[in-house]
Amino acid sequence: MATQVLFKPSFRHVAVYRSRSQIRCLATPSTSASSHKVKTSFSDVLADGPSLNDFISGGPAQRVVLGNTKGPRLPDFLKTKIPSGTSFNGIKKDLRGLNLHTVCEEARCPNIGDCWGGKEGVSEEEGRRAATATIMLMGDTCTRGCRFCSVKTSRAPPPLDPHEPENTAEAISRWGVGYIVLTSVDRDDLVDGGAHHFAETIRKIKQKAPNILVEALTGDFAGSLEHTSLVAKSGLDVYAHNIETVEALTPYVRDRRATFRQSLKVLEHAKKEGVRITKSSIMLGVGENEEQVIDALRELRKVDVDVVTFGQYMRPTKRHMKVDRYVEPAEFDRWKLVAENMGFLYVASGPLVRSSYKAGEYFIENVLKGKATEKRTNKLIADEVAASHQTQI
């Protein structure tokens, strides 16, 4: 009995072992003959396949063209250098430290290196004084969606930063620049369109740095002349508002809430409120014709606009409207002469010129100082005439 009990486990163990051995035998690799046959077959296919000579063509290589070949190519005169320099880096550092935005960066302006770089071959202080930065107030998100502009859009942008007027004034006084441009996104979500915020920033700047000349490049405040007056009476030196394009193309280029006639009313009212210089800008290359541009210039002169600038429209991204054509520099020179003959005080015209381009600001600075000197001179002459007349009596 004991022997049978011991034998059965042993038998079962052997059976299990054999079973496992059989399973392992089924999983063994194929014979060496079949293995050799597979290798020989693959070698034959490889030997019969294409050689290096089959990949080398005797004729010229086919050219692969990338991009849009139908649209106009970017001319050499519109290509700019990578921005750099002490003044450029200093302004950029100050902006980041104070959490301020510039239209130079948000709108991808091609002149950012030129304007922020200041003047070459002079001291650092003189170079910074010649530099120009355009501060964009009220955040970096606009409530409108113009087809030419790369600024972010939203129906409900973040709330205004109550410290922005103070921070902006502090940054500008730190830079030591002689001329500053303030602009803003459109804020149709605000009751006053941001007019009070804009005006408060200008007042803060004049308090901290009264010698700095301030240009305000505003929106149309949805056509509110009351809000236009708030900014016009804030102590600024130049009131700028861009019509952007000719009247016929305005509905296709600008947001539908912005109209050509509404912009003219804003410029006209600013001048009536006592602003010394008003300014506007026109983009070329969006499909306008000569007669339309001349009509736009006439309308600007009717509302007594002093300064106008012409620049080439450049498509920021593929999501924006296409460039109709690239205008040659000679044509920009011609428009400069046409505008000057129509009575504009100053005209800046060129492919890379923008509304805030520093070339215009140099002249406007001189004009403003010249007007002040002329006013004092006229007053002295008037006083002398009055005194002479009193003596004769």
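View 1. Glutamate 244 is buried, with a relative accessible area of 16% (buried means under 20% relative accessible area, computed with a 1.4 Å probe on protein chains only). The phi of glutamate 244 is positive, about 70°, although the residue is not a glycine. Glutamate 244 sits in the loop between strand S7 (238-240) and helix H11 (250-253); helices (H or I, at least four residues) and strands (E, at least two) are DSSP runs numbered from the N terminus. The model is predicted: local features need pLDDT of at least 70, side-chain atom pairs count only at pLDDT 80 or more, and totals for chains, interfaces and linings use all residues. Residues are numbered from 1 along each chain as its sequence is written, and side-chain values use heavy atoms, with hydrogens and water left out.

**View 2. Methionine 138 in the loop between strands S2 and S3.** Strand S2 covers 134-137 and strand S3 covers 141-142, with methionine 138 in the loop between them. Methionine 138 is not a glycine, yet has a positive phi of about 65°. The residue is buried, at a relative accessible area of 2%. Methionine 138 is also one of the residues lining the largest cavity.

View 3. The search of the whole structure finds one cavity of 30 Å³ or more. A cavity is a set of points, on a 1 Å grid over the protein atoms alone, where a 1.4 Å probe fits but cannot get out; lining residues have an atom within 4 Å of a point. About 50 Å³ of space lies in the largest cavity, where points are joined across faces, edges and corners and the volume is the space filled by probe spheres set on them. Residues of the lining include Arg144, Asp186, Gly219, Asp220 and Phe221. The lining has four nonpolar, three polar and five charged residues (nonpolar: Ala, Val, Leu, Ile, Met, Phe, Trp, Tyr, Cys and Pro; charged: Asp, Glu, Lys and Arg; polar: the others, Gly among them).

**View 4. Aspartate 186, buried without a salt bridge.** Aspartate 186 belongs to the loop between strand S5 (179-184) and helix H9 (195-208). The nearest side chain of opposite charge is arginine 144, 4.2 Å away; a salt bridge needs a side-chain nitrogen of Lys or Arg within 4 Å of a carboxyl oxygen of Asp or Glu. Lys and Arg count as positive, Asp and Glu as negative, and His and the chain ends are not counted. Leaving aside neighbours within four places in sequence, aspartate 186 is in contact (heavy atoms within 4.5 Å) with Cys142, Thr143, Arg144, Gly219 and Asp220.

Definitions and conventions. 1 Å grid on protein atoms, 1.4 Å probe; cavity = no way out; pocket = protein on both sides within 12 Å on 5 of 7 lines; lining within 4 Å. Buried < 20%, exposed > 50% of the residue type's maximum accessible area, 1.4 Å probe, protein only.
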